[in-house]
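Please examine the structure shown below. The paragraphs after it lead the reader through selected features.

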Amino acid sequence: MQCVKLNIRSVLLIILFMFLNGVNQSKSTDTDIVKDSRPDSTPAHSNVVSQNCPSDIECYKLGGQCIRCLFNESCIYGSPINVTCDPPPTVNCTGERTFIRTALCRYCYQTEPWEHSCEYSAKCLSITSPRSYYSTNCTVKSDVLCLGRRTFRKNVPCNWTGGYKWSTALVLSITLGGFGADRFYLGHWQEGIGKLFSFGGLGVWTLIDVILISLHYLGPADGSLYI
């Protein structure tokens, strides 16, 4: 009986040890995932996307997406600095592979709007007040060097346009507004039919629409901005 008790106790200890070991491994894995997901896990280098990089040109002529640059972490934000750059082994280029570039001390998401391009969406209403924002991917232009990922998320204002001209809408409202031409042009079909059969609400509706369009209160039905 004592042997049986000892065996059971040994089995329980083994199971407890395996359970504790599994918990520790899980914690370390979670920690590694968090560290890897940090946008500045390698803040001293600019991230490189070597796909679609040109070949057989001089290395110093490569764009920022095709080279790796070593930044000084103690640099002053916004100040110009000299950084040492080189292309990764997967990029083919000629001449010296290590060279010096001048850049500003900043992360890519801190670049000015004209220094990066964003993926704009037409699935938002541009005419809301206050202006609505949405999150999208933005990529730094090839001639810009910066710290961190060259593609980042950014909140941008909803300012897309469907091609409707404010001047055209106003002219239609003044000349043919009594027949609903302005409403038809802007995509407000139901209101356009109402104006057509009511002769512009006997002129009252026509006058109101002229004022609304002139003040930009009445815009395209798809929620876009005038051009």
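The structure is a predicted model, in which local features need pLDDT of at least 70, side-chain atom pairs count only at pLDDT 80 or more, and totals for chains, interfaces and linings use all residues. Residues are numbered from 1 along each chain as its sequence is written, and side-chain values use heavy atoms, with hydrogens and water left out.

Helix α6 spans residues 204-214, and its buried residues are Thr206, Asp209, Val210 and Ile213. Buried means under 20% relative accessible area, exposed over 50%, and partly exposed in between (1.4 Å probe, protein chains only). Helices (H or I, at least four residues) and strands (E, at least two) are DSSP runs, numbered from the N terminus. Seen down the axis of α6, the buried residues fall within an arc of 105 degrees, so they line one face of the helix; the arc is that of the directions from the helix axis to the C-beta atoms. Val204 and Leu207, on the other side of α6, are exposed. The cover over the buried residues of α6 includes α2 (166-176), α3 (181-186), α4 and α5 (199-202), where contact means heavy atoms within 4.5 Å. His216 follows α6 and has a positive phi, near 65 degrees.

Helix α4 (residues 189-197) also takes part in a surface feature, giving the most to a nonpolar patch, with 3 residues. The patch is formed by Leu176, Phe179, Ile193, Leu196 and Phe197, which together have about 500 Å² of accessible area. Patches are made of residues with over 30% relative accessible area and no salt bridge: like charges are joined within 9 Å, nonpolar side chains (Val, Leu, Ile, Met, Phe, Trp, Tyr) within 5 Å. A salt bridge is a side-chain nitrogen of Lys or Arg within 4 Å of a carboxyl oxygen of Asp or Glu. Phe197 lies in α4 and counts as exposed because its relative accessibility is 67%.

A search of the whole structure finds 3 aromatic pairs. The ring centres of Tyr107 and Tyr109 are 5.8 Å apart and the planes are at 20 degrees, so this pair is stacked. Rings of Phe, Tyr and Trp (its six-membered ring) pair if their centres lie within 6.5 Å; planes under 30 degrees apart count as stacked, over 60 as edge-to-face and the rest as tilted. Tyr107 is partly exposed, at 24%, and Tyr109 is exposed, at 53% relative accessibility. Tyr164 and Tyr185 form an edge-to-face pair, 5.6 Å centre to centre with 85 degrees between the planes. This pair links distant parts of the chain, 21 residues apart: Tyr164 is in the loop between β6 (151-157) and α2, and Tyr185 is in α3.

Technical notes: Areas by Shrake-Rupley, 256 points an atom, 1.4 Å probe, with all protein chains shown as cover.
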